[in-house]
Amino acid sequence: MAEGPHLAVVGAGPAGLAAALAAAARGVRVTLVDSAAEAGGQFYRQPAAALGARRPQALHHQWRTWERLRDGLTAHVARGRITHLSDHHVWFVEGQSDGFTVHALRGPEQEQSVAVRADAVLLATGGYEKVLPFPGWTLPGVVTAGGAQAMLKGGLVLPGRTAVVAGTGPLLMPVAVGLAAAGAGVAALVESAGARDFAGHARTLAAHPAKLAEGARYAAELARHRVRIKAHHTVVAAHGSNRVEAVTVAALDGDGRVWPGTERRIACDTLAVGHGMLPHTDLAEALGCRLDGPGVAVDDEQRTDVPGVWAAGETTGIGGAVLSLAEGRIAGLSIAARLNSRTPEAGSYEAAVKARTGLREFFAVLDTVYAPPAHWTEQVADDTVVCRCEEVPASAIREAAGELGAGDVRTVKLLTRAGMGWCQGRMCGPAVAGLAGCEFQPSRRPFARPVPLGVLAGTDFDRHHTDSTDSTDSTEEGSS
Amino acid sequence: MSDKEPGPELELALLSGRLWGELAGEPGIAAAVEYDLKGGLVVASSAEGLVALEGLADGQRAVGVEAVAVGAGQLHDIEPKLAKGLAGGVLYPQDAQVMPTLAAAHVVRLARAAGASLRTGCAVTEVLRTGAGAVRGVRTSEGEIHAPAVVNAAGTWGGELAALAGTSLPVLPRRGFVLVTEPLPPRTVRHKVYAADYVADVASDSAALQTSPVVEGTAAGPVLIGASRERVGFDRSFSLPVARALAAGATRLFPFLEGVRAMRGYLGFRPYMPDHLPAIGPDARVPGLFHACGHEGAGIGLATGTGHLIAQVLTGKTSDPDLDLDLDLSPFRPDRFPEEGL
């Protein structure tokens, strides 16, 4: 085993990879813990090798950046500087007086836990999709925009033959292009933001020509595939008996309300819908890290307010792969310096800091431009299921906030069970807050994923109880 | 009922249990608040533990608690998934369960229907008093509310409200964690089941961490696993060692839980009083101030009796000076603690 300080990186997407490579190159032993079978995260999601995809890069841009990250990881793993624990699902990061222990369930069964001891932790857990409900959104054939993209990138499976892509956010265009390129008919791209929303931000947007060019490329691709773009429109309902057969879309008025009389029915067998992204903050919150809005608060070096814990990428705020790479690199350099009791050299990551500043500014603008319709809750019928895990309809949430007097999301949850099920409110949290008229706050989830009580108790899941109640999950140091 | 030794708190529990039963008898309420007269089952793992448990049960029976001895051979007839090899237990059929948030919301709804008003997000910043020292209302973040009587039902924060009224009440936070499992089929765990050492933990004065397993199912399916007690102030950080101890205790009672997943956990702060009795009734030091707090972990169970007695005292003040209360309040006197005892 190599000597030197040990870093645990949670998440092998762009931020986690960039940090792991930067730190490992400077003598830090790194254990990279990730839930997927292959490194890359959602952005560089890889098709399973068995599928024998010939040109996976057709679905990706920045393929050369990925090749550089992948080759760097392979080299460091070969030299024993990075241990890559794939298919490991982190359920808790424990802060201790002399460091940290990362607890992860080994997949896919997730019945046994391993413990990784480390001197420092980088949280690069990324983000997850926000989806707001509408009548029919639980029909088979309605998928999240990111889910459709994951199916395309991971399995190369075409989710359906005629798709509508709807919601809001920069993810919709690449998803529509990906579907069209893979051979699906994309009947429409329905985006609730309109040209007017962009007008006030022309200067910030113009400062990012590469980003604008990227958008223009997608727009050209959509035009080439004859995809109708319906800006300032929203999906009012999805229809079908056993699966989605059509959607009704409508124009929005200046206040963000559905414009009566503009409803149009579009036949489709797939609806890919998304309303933006939210940061994954469960592990950070259980460690006691401060949040800043929906994301983990970090300083210039990507340090959280808990000593020894860094955060980078979309767990600190939604901003895409390029920003994640910059933040990851800064974090990795900071960690390498700090673990050796040095201050990072100012010049060592100047370019990354410059990129970070500009991209954060750009995505702050996108965040205000791409917003769901202001009055989206008006389209949600009383019998629309809002919390799918616990099957809680909108009427129950409205009753809790009305007759029963709940004034905050937590009380609504306790009264209705919305958000108490398997996904722990990741799917319905923003919807419940909107319907109850409360401010959305990420709920605290001490376990980042469900953990067997036998694992918690320190006994093996499948064996009968013994007298030992000590922590007995096996220890995997960052060795090679 | 089952976790209380004979004394004033057990009498309050008997009164409260009866009142919960009456409330649950109102149309629609039992289902709305998930009222379930499921019974409590206390189990002992050793012969000595069983002797102590039966001694406690004898005392409880003497004051009117139903307590049925259950031999080792019958334990699995009434609670099929219990661990093997337990020495025996006592079944308490009067132990009931409600879903606390729903119960509170529906009691508030009934109170509003009867003319009460509820102001949420409204913090009391001062207790207003006359020149002679009597209470005349409260100042809040949204203006003053004038009334000749103020009831301190601030739970763990009851001491702070007492201080605003110029007096003292030694309420301290006693932290507890609960683990919540994935939903299980109905009646997988039929009773509120706990180990006999729980009673000793509840009665303990120690500030250090204590855990003793308490396992109960819920109407919605998840099983709740307690109970930990520690006095660490208002520290809200999640403790993995406590979660591990809870899981270990619960899987000892119910080995099948080893393969069941904990979905989430939550923590709360029980209002701990040095003598383990709540403060209920008028505060002789501040005329017009009444206390109804400091119930530690039993606040929901004892809420009906507490509210009933406070109402009796309050209405008695104006209509019936020769008031005959349903329970002697002297053991719960709020001014029973020495002033320096904080």
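Bear in mind throughout that the model is predicted.

Begin by selecting residues 320-338 of chain A, which form helix H9, together with residues 350-369 of chain A, which form helix H10. The axes of these two helices come within 9 Å and cross at roughly 140°, an angle that makes H9(A) oblique to H10(A). Looking at the crossing of H9(A) and H10(A), you will find that its hand is left-handed.

Next, display the side chains at this crossing. H9(A) contributes A:Gly320, A:Val322, A:Leu323, A:Ala326, A:Glu327, A:Arg329 and A:Ile330, while H10(A) brings A:Ala352, A:Val353, A:Ala355, A:Arg356, A:Leu359, A:Arg360 and A:Phe363. Coloured by class, the contact of H9(A) with H10(A) shows nine nonpolar residues, four charged residues and one polar residue.

Now turn to the place where the two chains meet, a contact to which chain A and chain B each give 30 residues. On the side of chain A that touches chain B, select strand E4 (88-96), helix H12 (409-416), strand E23 (451-452) and helix H14 (453-457), the elements of chain A that supply two or more residues there. The largest share of that side comes from H14(A), with four residues. By class, the side of chain A that touches chain B comprises 14 nonpolar, 12 polar and four charged residues.

Key. Residues numbered from 1 in each chain as written. Chains lettered and ligands numbered in written order. Predicted model: local features only at pLDDT ≥ 70, side-chain atom pairs only at ≥ 80, totals over all residues. Axes fitted to C-alpha atoms, helices over the stretch in contact; angles between N-to-C directions. Parallel < 35°, antiparallel > 145°, perpendicular 65-115°, else oblique. Left-handed = near helix turned anticlockwise from the far one by under 90°. Contact = placed C-beta atoms within 7 Å. Nonpolar A, V, L, I, M, F, W, Y, C, P; charged D, E, K, R; others polar.
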